[in-house]
Amino acid sequence: MKKIKGEDLTALIDRLASTRTVYAPVLEPGEAYYAYRPVTAGREAALDFGNTRVSVKQLFLPRSERLFSYRTEGENKVFDVPSTTERRVVFGVRPCDARSLTMLDGVFQNDRYADPYYLGRRKNTVLVGLGCAAPSATCFCTSLGGGPFDTAGLDVLLTPVPGGYLVETLTDAGKALMEDASLTDATAEEEAQAAGTKAEATRQADTLPLDGLKERLDVAFDHPVWAQIPEKCLGCGVCTFLCPTCHCFDVCDAGNSEAGSRERIWDSCLFPLYTLHASGHNPRPTAKERYRQRVMHKFKYFVDRLGCTACVGCGRCVVNCPVNLDIREVTKTIRDQITGG
Amino acid sequence: MTEVAEKIRAKAAELLAGGTVELVLGYEKGTVPLRTTPCFVRDAADVGRLVWNGSCENNLAQFLIKRPGRAAVVAKGCDSRALVALMRENQIQRDQVFIIGVPCTGMIDRRKVEKILAGRELVEAAEEGGRLVLKGHGFTESVPLAEVVHETCATCRHPNPVVYDVLIGEEVPPKDAPRYTLVERLEAMTVAERDAFWAREMQKCIRCYACRQACPMCYCSECFVDCTRPAWIGKTDDPGDTLLFHAGRAYHLAGRCVECGACDRACPMGVNQFLLLRKINKDVEDMYGYSAGLRVEDTPALATFNPDDPQAFLTE
């Protein structure tokens with residue numbers, strides 16, 4: 001296996017930044033969390049971070065994006081559709097986040113619909129992953145079929161070893177990216193160290209067991225447990241917005257007959273407005289129906305439609321929920337209180 | 001701390017067993033260090049879940065808005081002010097609530113602790129003799145609690161519940177630290193500097209509305225942000241729209257904000273939105289000599305006219 005020294009990775013980012021847009025985790029000024037930001041030099045990239053507060057999905061499905069704008073020129077309307085052909089590299093993507101993109105791919109490209117904005121960005125972006133040597137106590141990726149060194153969705157995976165990283169190129173795009181990097185052959189000792197790190201990191205507790213969960217949800221739509229579980233839910237969008245697999249959006253128009261734009265913004269099934277009909281009727285009038293939808297979508301509907309659970313175990317919802325409504329506890333309650341079908 | 005928790009449990013058991021209330025709303029142990037989570041107890045046999053510590057930061061008053069049935073609630077000073085303000089606005093009926101008041105020495109600000117930890121993971125935290133002991137993989141350190149409590153707590157004038165049916169624990173002295181240091185710094189800025197300050201804060205906001213949802217006084221059935229016909233403000237990342245949301249919310253809370261800081265506590269992105277409310281609270285105090293949520297019989301500042309109001313702001 002190949003190895004790259006820390007300073008050579010910094011130099012690689014320096015070089016790449018001159019020909020394309022490079023994103024990397026950066027400490028938010030004045031805060032204690034990291035965010036993906038464009039960097040112009042390798043030294044700006046923080047690769048000793050836990051995970052970013054907002055997931056990598058924001059680089060593919062931004063919080064807010066313009067779908068098109070229009071203006072009037074004489075008799076004609078002129079449309080402008082933003083381009084998604086920018087060449088981008090993202091450094092420091094954690095395996096859970098990369099895996100979430102493989103799930104979102106199935107949402108934005110299927111037999112009925114192909115989303116040019118999301119897919120354009122996916123096609124033109126190379127993902128350099130960073131394996132997790134020290135997963136947090138709130139991480140549960142292994143419960144969901146992933147792992148701290150999972151390669152799904154990545155073009156390159158870096159595994160930390162003293163003085164640098166072991167480099168696994170996983171796709172042609174990844175190989176091309178690493179072509180002009182200064183790589184050396186890893187020593188047997190370094191490979192053994194990396195294997196030890198992986199084994200240690202993968203030893204997580206199974207804190208969100210999937211076994212039997214879907215079967216219970218299949219018969220649980222009208223179960224009284226839904227009135228009890230979200231009793232403390234505030235109805236904010238923290239869990240959905242920070243979640244790497246939540247992808248619901250709203251489309252809103254701004255402007256008038258002369259000029260304006262159409263924008264896509266994140267939406268959340270926990271907002272009452274999400275299902276409010278023009279008539280004023282709301283089929284999901286309370287937290288009970290709304291929170292049930294979130295759990296059902298992740299652990300049942302997504303499985304029915306795309307064959308996998310829409311949770312990667314990153315723990316962002318666990319850490320950031322203002323009232324500590326913990327999805328691991330929620331699924332445990334479901335398992336305890338509902339008899340499988 | 002444990003003594004207070006024991007007394008809360010005993011009172012909760014008594015209230016539930018005697019049929020005085022059908023629900024006790026308090027705090028139980030959270031799933032991660034430095035967290036508790038709102039706890040809904042309906043059976044006297046379950047009161048053992050209730051805890052009391054420096055992580056009981058949520059304001060539980062909002063769970064009582066228009067709730068049918070009689071409930072008891074564990075309330076700190078700021079929570080009790082929210083209860084009073086909500087009673088004043090007819091959202092909570094006094095005779096439907098049994099208030100278990102608990103004097104508060106300050107709640108721990110996880111953002112401050114995160115900054116101290118600088119990326120190291122916290123595995124365990126304990127409050128010991130005025131200090132917070134932080135333990136992780138390969139480290140143990142302690143910091144004075146006073147240095148890690150929320151800004152609202154460090155400057156709190158009403159740590160003791162302003163209304164209660166039973167008081168558990170010793171009353172604590174109000175803090176005399178100046179509350180408006182940050183506001184005064186903001187006021188001293190030039191317009192351009194202030195613009196830059198708020199632009200940076202707004203850039204952090206992801207419009208998840210956790211601030212609004214956590215605020216006990218934000219209970220409008222339709223928020224101005226959610227109106228679509230007409231759409232008062234845009235919902236994109238436009239910093240002007242985001243500022244309009246925060247400023248609009250702050251103005252709607254003029255003379256109503258009870259200074260609990262629930263908005264800042266709920267924010268996952270560290271937006272300093274409570275600073276806007278601090279500024280408005282200061283203005284309401286200066287102009288009307290009024291602070292919200294202190295006495296049920298007070299008429300709210302913006303619901304009254306007093307010929308003696310210092311009205312300089314109207315005529316200047």
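Predicted model: local features only at pLDDT ≥ 70, side-chain atom pairs only at ≥ 80, totals over all residues.
Chain A and chain B bury about 3,200 Å² between them, and 52% of that area sits on carbon and sulfur atoms.

In residue terms, 38 residues of chain A are in contact with 36 residues of chain B. The rule finds five salt bridges across this interface, and a salt bridge also joins the side chains of Arg63(A) and Asp237(B), with an N to O distance of 3.0 Å. Residue pairs in polar contact between chain A and chain B, with both partners at pLDDT 80 or more, come to 21. As for where chain A makes this contact, helix H8 (238-242), strand S12 (260-266), helix H10 (316-320) and helix H11 (327-337) each supply at least two residues of the side that touches chain B. Sorted by class, that side of chain A has 19 nonpolar, eight polar and 11 charged residues.

Now to the inside of chain A, which is divided into domain 1 (2-204) and domain 2 (213-337), with C-alpha centres that lie 26 Å apart. How much area do these two domains of chain A bury between them? The value is about 3,300 Å², with 57% of it on carbon and sulfur atoms. The contact involves 41 residues of domain 1 of chain A and 39 residues of domain 2 of chain A. Between these domains the rule finds four salt bridges, and the side chains of Arg264(A) and Glu65(A) meet in a salt bridge at 2.9 Å, N to O. The count of residue pairs in polar contact here is 24, again with both at pLDDT 80 or more. On the domain 1 side, strand S4 (64-73), helix H2 (95-108) and helix H3 (116-123) of chain A each supply at least two of the residues that touch domain 2 of chain A, and by class this side divides into 19 nonpolar, 11 polar and 11 charged residues.

The buried area is about 1,200 Å², of which carbon and sulfur atoms give 48%. Which residues of domain 1 of chain B lose the most area to domain 2 of chain B? They are Leu34(B), Asp109(B) and Val149(B), together 47% of what that side buries. Two salt bridges are found across this interface, and Lys112(B) and Glu151(B) meet through their side chains in a salt bridge at 3.5 Å, N to O.

Finally, a sheet in chain B: five strands form an open, mixed sheet in the order S2-S1-S3-S4-S8. Strand S2 (36-41) and strand S8 (166-167) of chain B stand at the edges with a single partner strand each, so one side of each is left without a neighbour in the sheet. Further in, strand S1 (residues 23-29) and strand S3 (residues 71-75) of chain B pair in the parallel sense over three bridges, and Leu23(B) has Ala71(B) in S3(B) as its bridge partner.

Key. Residues numbered from 1 in each chain as written. Chains lettered and ligands numbered in written order. Heavy atoms only, no water. Contact = heavy atoms within 4.5 Å. Buried area = accessible area lost by both parts, 1.4 Å probe. Polar contact = N/O pair within 3.5 Å; in protein donor to acceptor, adjacent residues only side chain to side chain. Helix = DSSP H or I, 4+ residues; strand = E, 2+ residues; numbered from the N terminus. Nonpolar A, V, L, I, M, F, W, Y, C, P; charged D, E, K, R; others polar. Pairing = 2+ DSSP bridges. Domains from an automatic or database assignment.
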